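We will go from stop to stop together.

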Amino acid sequence: MIKQYNIKEQLIPAQTRSGRNSDSKQQISGGVSVISGEGGAGGGVTNHSQLSGVVSIADVYADTARDIHLTAAEADRLKNLNIDEFDDRYLRKDIDDTAAGNITFLQSIHSKDFSITDQGWQINQNGDSWFDTTFIRDNIYSDTEANSFAHENGFKIWSDGDAWFRNLYTKKDAMFQGTLSSPFFVSGFPAGSGWALTWRDIVNAAGVAAKKAHFEIDDITVRGILRVYEMVISQLLGENGTHLTTDMMKIKSVDTENKIIYLDTEEGALYNPFWTDDIIMVQRFNGMPTPENDYYVTRQYEFAIEETHIGSLDDGEGRIDWIKYKNFTGNESDITERDTLVRVDNLSNADRKGVIKQTSVEPGSPYMDVVYGMKTDPDNAVRTRVGKLEGLITPYWGQLQDYGLMSDNAYLKGRFMLHNGDDVFQKFEIIEGRLESEISAIRAEISDADNCFTNSSFSSDLIAWETSSDINLYTVNSRFLYFNSNFYSYKNRLGAIIQDGGRKALRLKNNTIKQLNEYLKNKPEEQLELEDGTLVWPSYYISFRYKVVKAGTLTVGFSGQDLYHTEELDVNSAYEDKEYTGRWDGLSDFELSFTGDIYIYSLAMTSNPLEDFKIQFLTRISQTEKQILLQASAIQTIGNRVTTTEGNISVMAGNIELWASRVTSVEGRVLSVEHSTINVIPSQISAVSSRLTTAENGLQSVWNAGFITTPTAASLFASKDDVTAASITATINSAGQGVVKIAADRIELDGTAIIDIIQANNITTSKLTVTQGAKIGQFEVNASSGLTWKGFDYFGGTQFSLSLGTTSLETSTDVGGIIVAKSSTAQRTVCLAGIVSAFGIGVYGSSDGFGSNFPPLYTKWAGFFSGSTRTTGTTQTGIIAASEFRIVTSFNTDGSYSYFEGISFDPGAYDLDSVRFRVRKGLIVGVTNDSGSVLQGV
């Protein structure tokens, strides 16, 4: 019997997903009857699938009940739900809330009462969005490199209003306040290129500046009415307000069938000026537009010259010169008597590709153009323009302004001034017989001596730094994939030095780089005492320039100390400065880590902020009729410490003087003065170097050293305070700096000479002993007293090594080698190579004695071996030429071996139907009959 149920409905107020009201933390209460059922005859409810919800809560579940019940324990669990756990897992709809992870929307997200046409905002599942106002702090882009004409796709918009698009569509009006042009534009005819719609300021009769719009383009087609209040038609004649310096001549007649143009010699006075491969251009006024001239106001055509001829001189005034043309562009029927042929280029002759144009009547004039390759290189034809420059537009400078010079190169004499917008100012001037040049600059710069890091510029790769990379190289059939000169790989973690924009930069991708404390310099020596008597360690500053490719978390400094910072960094398109500060006790290792992908350079840690490191440079050249003076100075400021360094060279007739000085001061008090001078006159060369140091109570020490050389004598002197010339040797040794030069036929040193560094053009000695670790160029003395050189690969591992002298191979037995070359790399490289260009031997080996069995003269071999050779691996070659073939069955300890030898026979020697061949590893070593008896071989 089918049971019947009555449904009781009860209205329950809406609540959040956690079940609590929006203004309280009320928990779910039990005992709510939502649904109940009554039906047929008595008995328990067995078909629970007919029940649609929770009915009531009771402590006892009766078999005869027709309601669904929860037990008391189940009700308690329901009432004691932890609401905070729900809040951690679900977003609240009634209050402000924050998501701990990513949120994915399968449909759109929008504001209340959103309408596409008039109100609200929306972002739909397709990525479309509607907003009233959007503020951009930096830029929006589809491709960070989409800001050039070389990059066709993508777009980029900056917050200051600049933008790059592939195409621009407007459904209504478009207004432009500035220039509208092609990327490159050169005004004028005939070498002009591109197009431009520009504004020009014109002063009217009332003396008021008015803006006039100017449009320049190659061709215009008007289908309707063309109203022109003033029409100026320019012909290519090279006269009037525009002059062309080139070859020109008029047409007398034309034979289009044979492609011959006869030239008008003006009764024999003119001669054919054209050469083979000249490019000729014609443009003439064609009269007012009529059906007869196809409504063309101008006739225009061009061609190249295939042949050029001068008529017979015996014809006198009746002489006719002629040319034969090719590559005609235009309508040959337009060729008309008295047309002026103008050479504008040449296909092959570099000396006939140029034209000089001067104009004073064209828009943007007056100017003079040097044109080269008008037809063969039209985009770069105008090589120089002198005069008014507003007819030039480039993507680099925009529209040029005013009068000046635009040229591929410029060599200038006289007075000029150049300012490029940076902090460098350069000036040359000639005034009353004096030439002066001055260059100055101010920039922030941290020297290696002030930096706490070793190898902070990464000029020595990652020396003094510790990091590790996790790179997966992809292979196919056990071969590495190689694309664009690099192996195809996925870099899980990377710490490496790369080239970025011409500079070395540290790249960290989800990785950490560390410098151990032993490599850190300029550590604090003691704590500082504050005004209240508290002792603290000094503050240090960490600075660098960075560019983030993938956003992540940056951690930098010393773990557990004040100088330790963590910051989230977003992607940026250009390098930016970053600086952190904190107190440091000189202990712990320095760490820098990033969870994304970042490029870093100019890494520094100093006891002063970056803004305190300023260097002002100045160089000056001064020339008069009596003297040439070169001066250079640098003023370095680090906090309250100022170091001024100067250098001068003065050249006069019979007198050359060089001097350099360095003055160091703190808070205005001079700490030291160093000064060196070299003076050269015809009869004497003298040099003096001095150093003066001061203390708080006055002068501390004075050092002096120098020499004087004349044609007849040379003297050397040195002193320190009261040190006399008698103790010059001790003075030089205690100075610890400077240069002592001794020139003599023989110098004898009695006793042991201790020298840290030897620099010499030639050293002759009967014995030279160096110990392990000593370096000779890139070679280092190894433990076997031999020389070892190592080359490193992209990942910092040893790619090559070369050992000379006593060493051993890396084998299970002690095997010695004279020259040992090793290679361990994934790149396509060789370990030891011999290259022969004309003739000779790249690699030679002999076991038959000195000089035995050399190949003939004037032959070329990559490798030649006299005696037996043996390989344990596979030998791959293109062609094998051998006098005999053998199959080795076993090798003996004395170098001998057992083998089968190949045999030779002619096809007619045996009846193949009655013989069998014995083959060993692909080589025929014997012939037997059908019964197995050997006929030949084994």
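The tour begins with how to read the model and then moves through its cores and some backbone details.

This is a predicted model, in which local features need pLDDT of at least 70, side-chain atom pairs count only at pLDDT 80 or more, and totals for chains, interfaces and linings use all residues. Residues are numbered from 1 along each chain as its sequence is written, and side-chain values use heavy atoms, without hydrogens and water.

**The cores.** Select L592 and M605, which have the most contacts inside the largest nonpolar core, a set of 29 residues. Such a core joins buried Ala, Val, Leu, Ile, Met, Phe, Trp, Tyr and Cys residues through side-chain atoms within 4.5 Å; buried means under 20% relative accessible area, exposed over 50%, partly exposed in between (1.4 Å probe, protein chains only). Now colour β35 (503–515), β38 (539–550), β39 (552–557) and β42 (590–606), each supplying at least two residues of this core. Strands here are DSSP runs of E, at least two residues, numbered from the N terminus. Strand β42 gives the largest share, seven residues. Apart from this core lies another, of 14 residues, including I261 and Y301.

**Backbone stops.** Next, pick R338 in the loop between β18 (321–329) and β19 (340–346); its phi is positive, near 75 degrees. Finish at S602 in strand β42, where phi is positive at about 55 degrees and the residue is partly exposed, at 44% relative accessibility.

Terms used:
Helix = DSSP H or I, 4+ residues; strand = E, 2+ residues; numbered from the N terminus.
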